[in-house]
2 protein chains.
Amino acid sequence: MKIGVLGTGVVGETIASGLVAKGNEVKIGSREAAKAAEAAKKVGKGASGGTFADAAAFGELVFNCTGGEVALKALEAAGAKNLDGKTLVDVANPLDGSKGFPPVVTNAPGDSLAERIQKAFPKAKVVKTLNTVNTSVMIAPQKLAKGEHAMFLCGNDAGAKKQALGILESFGWKHVHDLGDLSGARGMEAYLGLWLRLMGVLKTPTFNVQIVR
Amino acid sequence: MKIGVLGTGVVGETIASGLVAKGNEVKIGSREAAKAAEAAKKVGKGASGGTFADAAAFGELVFNCTGGEVALKALEAAGAKNLDGKTLVDVANPLDGSKGFPPVVTNAPGDSLAERIQKAFPKAKVVKTLNTVNTSVMIAPQKLAKGEHAMFLCGNDAGAKKQALGILESFGWKHVHDLGDLSGARGMEAYLGLWLRLMGVLKTPTFNVQIVR
């Protein structure tokens, strides 16, 4: 599959690496094409670089791996017409780190970044997932507890969620909980507040939660 | 130990039941003493009822089991002088159910109910815990996965946290993660947004998370 990955940070590079390893063709997008080309070089075979718009136009499906605070601007640069009708997998977290560690989740009650993105790009099919784990776990869930831990996913379009689920399963995710429509992203993003404190206490970002019943 | 339990809802009754089962003496407090007396009768031996102030004055330690939206008013009725110097275990969640299910966590970014309580009652030693599970799990963690799942706790006073931890351990909690100072309550309360969606998907409130690393 041809997939656009917006963002050249560690999240973008990780997702791009995971996707090419599974045989997908990836174009990484950045504000500056040169920066994306550099990231693509690190990812290696199957990856190329370009502007945000290049990457979005390239992808049959697009990953938003930009920082939560700049995500809407990056997606504007990617261009609505390059996102229309496509599954847009949003991995970003709306965090404000300006007041020290841990950063603060900036959502107002009853809101989420994913829903703001959906509102700004009504023809994209936004799916929220993968924002609840560190990059060390995202594309390698089997590294922890033989993969016996939980991923969450939500979105308004069933077909888009099925596409995203296929990618998650290709990464090795075995326990993906579909939280329903995109308002499920409120809880998924809010959870970062707990995740960040746990990271501090556990002294590692390489952990996750499993649901027990 | 003599313990005051504020709130006659299912949380208050559950906590009171758990506490008397472990040999503590409990006074349940309510706006109306008659309602508390009724709740105490249900809890049985070791429990009595009274006003919020009666229960707070009685306890060497006090549990806040009132609804999050009325907690500050209930604690005002309990009276600062009856809380001064005491461990105040806050189990409440700041939820607004007025717009349907699931309710919305009402905290502004970077805030929590537990911190608002601490600010309003600076001489109480507020500890946040037990708000992340249903009453079906609170005092009986062994019911799920042989108790192999996580509880969280935070607060500004080490001695108060130790007291709360003792109670958690008496209930059977084996994996209690100390999230540090009371600002850890932001994540613990925010997590409710995820918990509520999961409850809808799992179709049961009787679940919890375990940390895997």
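Student: Where is B:P102 found?

Tutor: B:P102 is found in the loop between β6 (95-96) and β7 (104-105) of chain B. Those labels come from DSSP runs, helices being H or I with at least four residues and strands E with at least two, numbered from the N terminus. A cis peptide bond joins B:F101 and B:P102, with omega about -10°. In chain A, the peptide bond from A:F101 to A:P102 is cis too, with omega near -5°. A:P102 lies in the loop between β6 and β7 of chain A.

Student: What kind of model is this, and what pLDDT do local features need?

Tutor: It is a predicted model: local features need pLDDT of at least 70, side-chain atom pairs count only at pLDDT 80 or more, and totals for chains, interfaces and linings use all residues. Residues are numbered from 1 along each chain as its sequence is written, while chains are lettered from A and ligands numbered from 1 in the order in which they are written.

Student: Is A:N93 buried or exposed, and how do you know?

Tutor: Count C-beta atoms, placed from the backbone, within 10 Å: 20 or more others make a residue buried, 12 or fewer exposed, and anything in between partly exposed. A:N93 has 23, so it is buried. Its place is in the loop between β5 and β6 (95-96) of chain A.

Student: Which residues is A:N93 in contact with, leaving aside neighbours within four places in sequence?

Tutor: They are A:G68, A:N131, A:E189 and A:L192. Contact means that the two C-beta atoms, placed from the backbone, lie within 7 Å. The C-alpha atoms of A:N93 and A:M188 are 9.2 Å apart, though 95 residues separate the two along the chain.

Student: Why is B:A145 called partly exposed?

Tutor: B:A145 has 15 C-beta neighbours inside 10 Å, so it counts as partly exposed. Its place is in the loop between α6 (135-138) and β9 (150-155) of chain B. B:A145 is not a glycine, yet it has a positive phi of about 45°.

Student: What makes the largest nonpolar core a core, and how many residues has it?

Tutor: A nonpolar core is a set of buried Ala, Val, Leu, Ile, Met, Phe, Trp, Tyr and Cys residues joined through C-beta atoms within 7 Å. The largest one here has 140 residues. Among those with the most contacts inside it are A:V5, A:I15, B:L6 and B:I28. Helix α8 (residues 185-202) of chain B gives the most to this core, with nine residues. In soluble globular proteins, nonpolar side chains tend to be buried together.

Student: Which residues of helix α4 of chain A are buried?

Tutor: In α4 (residues 71-78) of chain A, they are A:A71, A:A74, A:L75 and A:A78. Take the directions from the helix axis to the C-beta atoms. They cover an arc of only 100°, so these residues sit on the same side of α4(A). They pack against β1 (2-6), β2, α3 (52-58), β4 (61-64) and α5 of chain A.

Student: Why do β3 and β10 of chain B stand at the edges?

Tutor: Start with the open sheet of eight strands, in the order β3-β2-β1-β4-β5-β8-β9-β10 (chain B), with mixed pairing. β3 (47-51) and β10 (175-178) of chain B each have a single partner strand, so one side of each has no neighbour in the sheet. Two strands pair if DSSP finds at least two bridges between them.

Student: How many bridges join β4 and β5 of chain B?

Tutor: There are four, between strands β4 (residues 61-64) and β5 (residues 87-90), which run parallel. In one of them, B:N64 has B:D90 as its bridge partner in β5(B).

Student: Why do the copies meet through the same surface?

Tutor: 100% of the interface residues of chain A are also interface residues in chain B, so the surface is the same. The contact takes 36 residues from chain A and 36 residues from chain B. On the side of chain A that touches chain B, α9(A) gives the largest share, seven residues.
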